[in-house]
Amino acid sequence: MTKMTSIRALSAVAAILTPIFASISYSAPSVVAESHSAHVRDIPHFGLGTWLSDRDKVAHAVQYALDSGYNHIDAALIYRNEDQTGKGIAASGVAREDIWVTSKLWNEHHRPDKATEAIKKSISDLGVEYLDLYLIHWPVAFVPGEGNKLDEETSIFDTWRALENLVRANLTRHIGISNFAKKDVEAILDMCTICPYAHEFETHPYLQQQDFVDFHKEVGIKVIAYSPLANTNPTYHKDIKPLLEDPFWKDLASKKNATVAQAVLAWGIQRGTAVIPKSVHEKYIVENLGALKISFTEDEMRAVRDQDKKVRMNNPGKSWGVKLFADLDDPTKLDDKIDEL
């Protein structure tokens, strides 16, 4: 029996004894955000993303979100705004133990010594004593200080061992992965001592990857959905009409007395993923919380499944010369132009 098979078996037993997803439910979502009165022990199913948030706006956005009931902030060193995100956390006055904070290890820091330096910088910039979750941002290593030159000497296994040591050093409570193909997830599961807590990857109504989401539930890894509103992100230049203008979603949202964004986010939560919409606008930060009041019938969930376009919005593999998402929908095609980061 391989370690992967053992993990599947143990996860099946765990599913009988206790729910795998303590705070990410596959039933209808909670009506209100998690209370700050209870310490955050497991990842909240709703959070604020900070990718592409303007440096001069993100501090207020984070403060406003936390003061409005959010308790989950998703950050990364490569976003180049963690210091401002930290100012927002500090200004909110919410206790550290009542906030879930995620950050990510950038590609040029995959070597063990660099990983330790990187997490300490993120912790310092964010103004926290520790992280709740630290992710390998991409399964791609760059040679430190040499741009996008691939580091052929550092494997994802070397990096994972380094992250396990960060848990042992009490720098982060949990570790995980981001943007991995299924085969890479399985490879990590076959060698890990401290195994991935969560996997953050792109998934939304136009790239549902339901089998991949279900696989994570089976092996006990939580899923964090980035870009949960698909091509709402202005950097995504796809020949597809924006999701917020999709007639199917406009009709479904109308039936729920909701905005399209609220309905889409509610769908993401109900299917068992944590969603982290990004906004620096007070109106949308509060409005997005309305997703927590919405639920769908089984028929409606089936109808959404039929809307899957299997289109990936974020794929930097072309510019890096790496085939990403090899066994997933819409993988990197190295002979095509792919211009996202």
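Is Asp-54 buried, partly exposed or exposed, and what is its relative accessibility? In this predicted model, Asp-54 counts as partly exposed, because its relative accessibility of 37% falls between the 20% limit for burial and the 50% limit for exposure.

## Overall architecture

The protein is built with 12 helices and 8 strands, and 55% of its 341 residues count as buried. When contacts between residues at least 6 apart in sequence are considered, 74% of them join residues at least 24 apart.

The accessible surface of the protein comes to about 14500 Å², and carbon and sulfur atoms account for 52% of that area.

## Salt bridges

Side chains of opposite charge can pair when their charged atoms come close. The count for this model comes to 18 salt bridges, and one of them joins the side chains of Asp-54 and Lys-57, with a distance of 3.8 Å from N to O. Both partners fall in the intermediate class of accessibility, since Asp-54 has a relative accessibility of 37% and Lys-57 is likewise partly exposed, with a relative accessible area of 38%.

Two further pairs lie within helices. In helix H4, which covers residues 112-126, Lys-121 and Asp-125 are 4 residues apart, about one turn of the helix, and their side chains meet in a salt bridge at 3.0 Å, N to O. Lys-121 is partly exposed at a relative accessible area of 44%, and Asp-125 is also partly exposed, at 23%. In helix H11, which covers residues 298-305, Asp-299 and Arg-302 are 3 residues apart, again about one turn of the helix, and the salt bridge between their side chains has an N to O distance of 2.2 Å. Here the two partners belong to separate classes, because Arg-302 is partly exposed with a relative accessible area of 40%, whereas Asp-299 is exposed with a relative accessible area of 53%.

Salt bridges also link residues into a network, which includes Asp-74, Lys-104 and Glu-200.

## The disulfide

A search of the whole structure finds 1 disulfide, formed by Cys-192 and Cys-195, whose sulfur atoms are 2.0 Å apart. The torsion about their S-S bond is about 80 degrees, so the disulfide is right-handed.

In soluble globular proteins, nonpolar side chains tend to be buried together. The largest nonpolar core of this model has 97 residues, and those with the most contacts inside it are Phe-46, Trp-160 and Trp-249. Helix H9, which covers residues 260-270, gives the most to this core, contributing 8 residues.

Once its neighbours within four places in sequence are left aside, Phe-46 is in contact with residues from several parts of the chain, among them Tyr-70, Asn-71 and His-72, together with Leu-265 and Ile-269. The contacts of Phe-46 also include Val-275 and Pro-277, as well as Asn-288, Leu-289, Ala-291 and Leu-292.

Technical notes
Residues numbered from 1 in each chain as written. Predicted model: local features only at pLDDT ≥ 70, side-chain atom pairs only at ≥ 80, totals over all residues. Heavy atoms only, no water. Helix = DSSP H or I, 4+ residues; strand = E, 2+ residues; numbered from the N terminus. Buried < 20%, exposed > 50% of the residue type's maximum accessible area, 1.4 Å probe, protein only. Contact = heavy atoms within 4.5 Å. Areas by Shrake-Rupley, 256 points an atom, 1.4 Å probe, with all protein chains shown as cover. Salt bridge = Lys/Arg side-chain N within 4 Å of Asp/Glu carboxyl O. Disulfide = S-S within 2.5 Å. Core = buried A, V, L, I, M, F, W, Y, C linked by side-chain atoms within 4.5 Å.
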